[in-house]
Amino acid sequence: MHIVMLLYPRLTQLDLTGPLEVFSRFPELKTHLAWKTLDPVADGSGLRLLPTTTFADAPQADILFVPGGPGQMALMDDAETLGFLRQQAEGAAYVTSVCTGSLVLAAAGLLTGYRATCHWLSLNQLAFFGAEPVAERVVEDRNRVTGAGVTSGIDFALTLSARLFGEERAKRVQLQMEYDPQPPFVGGSPRSAEAEIVAAARETARPFQEQREDVARAAAERLRG
């Protein structure tokens with residue numbers, strides 16, 4: 001099975017590499033990192049990653065995957081990328097994302113009428129595109145499987161792997177990775193964090209989130225024609 005994973009400038013690398021680590025442990029799965037060219041791509045922190053295929057040469061995906069990150073905004077008005085995702089989605093068994101990658105899928109019209117999730121700061125923006133925002137770590141709706149923010153990519157990939165290969169094999173991979181989260185603090189979600197910390201996080205992110213929301217609203221208007 002081919003997993004085509006979108007690689008693009010200023011993505012959040014853990015959105016991509018968390019699922020990639022899980023999927024790489026199933027020999028039935030072959031991953032492809034797809035971008036417009038084979039030139040190195042810098043993530044949002046400057047880490048350089050290498051595409052393995054171009055859009056033109058990418059195989060038909062059995063699983064199409066889009067990570068999130070600040071570079072997501074540029075993709076929402078990128079006709080070439082959105083067209084590639086639409087074309088791939090037509091033949092894919094699963095259309096998937098982590099974090100704000102779901103907003104890119106939504107801008108391509110691929111989440112309209114589906115339940116989906118996203119990073120908690122941007123979750124509401126899915127509704128602009130006719131998707132139903134769901135504040136859960138992983139959301140499955142028919143062949144759409146979406147993960148919430150950043151670290152949920154591992155949960156997403158294990159969930160999808162269990163669907164593909166059975167729970168026992170997914171559990172073995174989880175054990176091999178020693179994925180047994182015990183964070184040093186309670187509060188990795190707005191549901192569990194202290195109210196003042198949530199408020200501070202919202203305020204810090206507010207200028208960027210306002211820009212992201214403006215981009216999402218404009219993309220939704222274009223999608224509606």
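**A bent helix and some ring contacts**

Hi everyone, let's start with a charge over a ring: arginine 142 lies over the face of tyrosine 114, at 4.1 Å from the ring centre. Please keep in mind that this is a predicted model. There is another contact of this kind, where phenylalanine 165 has the charged end of arginine 169 over its ring, 5.0 Å from the centre.

How many aromatic pairs does a search of the whole structure find? The count is five. One of them is edge-to-face: tryptophan 35 with phenylalanine 55, at 5.7 Å centre to centre and with 85° between the planes. If you trace the chain, tryptophan 35 belongs to strand β2, residues 30–35, while phenylalanine 55 is in the loop between β5 (53–54) and β6 (63–66). That puts the two partners 20 residues apart, and the pair links distant parts of the chain. Are these two residues buried or exposed? Both tryptophan 35 and phenylalanine 55 are buried.

Next, phenylalanine 65 and phenylalanine 156. Their ring centres are 5.5 Å apart and the planes meet at 25°; planes under 30 degrees apart count as stacked, so this pair is stacked. Why do we call phenylalanine 65 buried? Buried means under 20% relative accessible area, and phenylalanine 65 is buried because its value is 0%. Phenylalanine 156 is buried too, with a relative accessible area of 0%. Phe23 joins in as well: ring pairs link Phe23, Phe65 and Phe156 into a cluster.

Let's finish with helix α7, which covers residues 195–224. With 30 residues, a straight helix would reach 44 Å at 1.5 Å a residue, but the end C-alpha atoms of α7 are only 37 Å apart. Where does α7 have its kink? Look at arginine 206, shortly before proline 207: the kink there is about 60°.

The buried residues are Val198, Ala205, Gln209, Arg212, Ala216, Ala219 and Ala220. What covers them includes α2 (72–75) and α4 (101–107).

How values were computed:
Residues numbered from 1 in each chain as written. Predicted model: local features only at pLDDT ≥ 70, side-chain atom pairs only at ≥ 80, totals over all residues. Heavy atoms only, no water. Helix = DSSP H or I, 4+ residues; strand = E, 2+ residues; numbered from the N terminus. Expected span 1.5 Å × (residues − 1). Bend = angle between axes of the 7 residues up to and from the residue. Buried < 20%, exposed > 50% of the residue type's maximum accessible area, 1.4 Å probe, protein only. Contact = heavy atoms within 4.5 Å. Phe/Tyr/Trp six-rings, centres within 6.5 Å; stacked < 30°, edge-to-face > 60°. Lys NZ or Arg CZ within 6 Å of the ring centre and 35° of its normal.
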